[in-house]
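Biologist: Hi! Could you walk me through this one while we both have it open?
Modeller: Happy to, let me bring it up.

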Amino acid sequence: MSIKRARLSPDESRHAAVEAARVLLIEAGPQAVTLKAVAARIGRTHANLLHHFGSAAGLQKALAAHLGETITATIGKAVDAMRRGEVAPRLIVDMTFDAFDAGGAGALASWMLASGNEDALDPVVEAIHRLVDKLVATALTPDLGDVIRDNTLMLVLLALGDSQMGGPMAASLGLPREKAREIATRSLVAALMAEAAAFAATEAAQAKV
């Protein structure tokens with residue numbers, strides 16, 4: 001269904017185009033995210049989108065930036081809630097896996113790499129980096145930075161791989177489709193336990209001073 005408005009500000013046009021690109025990505029895959037298709041979705045011309053994004057690669061990079069910011073903002077809030085004991089670690093795992101699978105981030109990443117447009121993925125990587133920096137800065141103890149970075153790397157790579165061939169791989173090994181998520185959850189739980197133990201040890205040491 002097309003979005004048609006008589007007048008849109010430049011920011012509104014960009015936002016509408018990126019949102020239409022996101023819907024196309026989910027509905028039909030990254031190869032469907034073209035300037036022509038997006039323009040048709042929002043009732044604009046190919047030339048109009050060229051003015052805003054410069055090229056199809058520019059539109060795809062803007063889409064990657066939007067996905068990266070949206071995904072990390074949502075996961076960041078969930079991590080804060082998890083640290084307060086309000087949500088289970090599995091929710092973080094499911095959100096990450098879903099973002100790369102049903103959310104289309106994994107398909108977009110593979111498409112960009114295959115087409116040689118690797119720079120389009122920079123906004124996603126940068127958004128994840130900013131989230132990790134925030135999590136490290138708010139960790140219970142400062143020496144848990146490596147644990148957070150290790151688990152972020154593990155979770156992102158597992159989610160990316162699972163979005164590409166998780167189903168066939170699990171089936172070929174006779175494993176449940178959810179096995180990769182279970183593995184990621186165990187690792188995340190272990191990291192949380194390590195964080196809690198380190199915090200308790202620090203508190204105990206300070207109490208003795």
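Modeller: Let's start inside: helix 4 gives the most to the lining of the largest cavity, with 7 residues. Keep in mind that this is a predicted model.

Biologist: Okay, and how many cavities of 30 Å³ or more does the structure hold?

Modeller: There is 1 cavity of 30 Å³ or more, and its volume is about 420 Å³.

Biologist: Which helices each supply at least two residues of its lining?

Modeller: Those are helix 4 (56-83), helix 5, helix 7 (122-137), helix 8 (145-172) and helix 9 (179-208).

Biologist: And which residues lie nearest the centre?

Modeller: Val-79, Ile-92, Leu-135, Thr-152 and Leu-155 do, out of 25 lining residues.

Biologist: How does the lining divide into nonpolar, polar and charged?

Modeller: It has 18 nonpolar residues, 5 polar ones and 2 charged ones.

Biologist: Switching topic, where does Thr-96 lie?

Modeller: Thr-96 is in helix 5, which covers residues 89-100.

Biologist: Is Thr-96 buried or exposed?

Modeller: Its relative accessible area is 5%, so Thr-96 counts as buried, the cut-off being under 20%.

Biologist: What does the side chain of Thr-96 reach, then?

Modeller: The backbone oxygen of Ile-92, at 2.9 Å. Ile-92 is also among the residues nearest the centre of the largest cavity.

Biologist: Nice link! Which residues does Thr-96 touch, leaving out those up to four places away in sequence?

Modeller: Ile-75, Leu-155 and Ala-159. Leu-155 is another of the residues nearest the cavity centre.

Terms used: Residues numbered from 1 in each chain as written. Predicted model: local features only at pLDDT ≥ 70, side-chain atom pairs only at ≥ 80, totals over all residues. Heavy atoms only, no water. Helix = DSSP H or I, 4+ residues; strand = E, 2+ residues; numbered from the N terminus. Buried < 20%, exposed > 50% of the residue type's maximum accessible area, 1.4 Å probe, protein only. Polar contact = N/O pair within 3.5 Å; in protein donor to acceptor, adjacent residues only side chain to side chain. Contact = heavy atoms within 4.5 Å. 1 Å grid on protein atoms, 1.4 Å probe; cavity = no way out; pocket = protein on both sides within 12 Å on 5 of 7 lines; lining within 4 Å. Points joined across faces, edges and corners; volume = space filled by probe spheres on them. Nonpolar A, V, L, I, M, F, W, Y, C, P; charged D, E, K, R; others polar.
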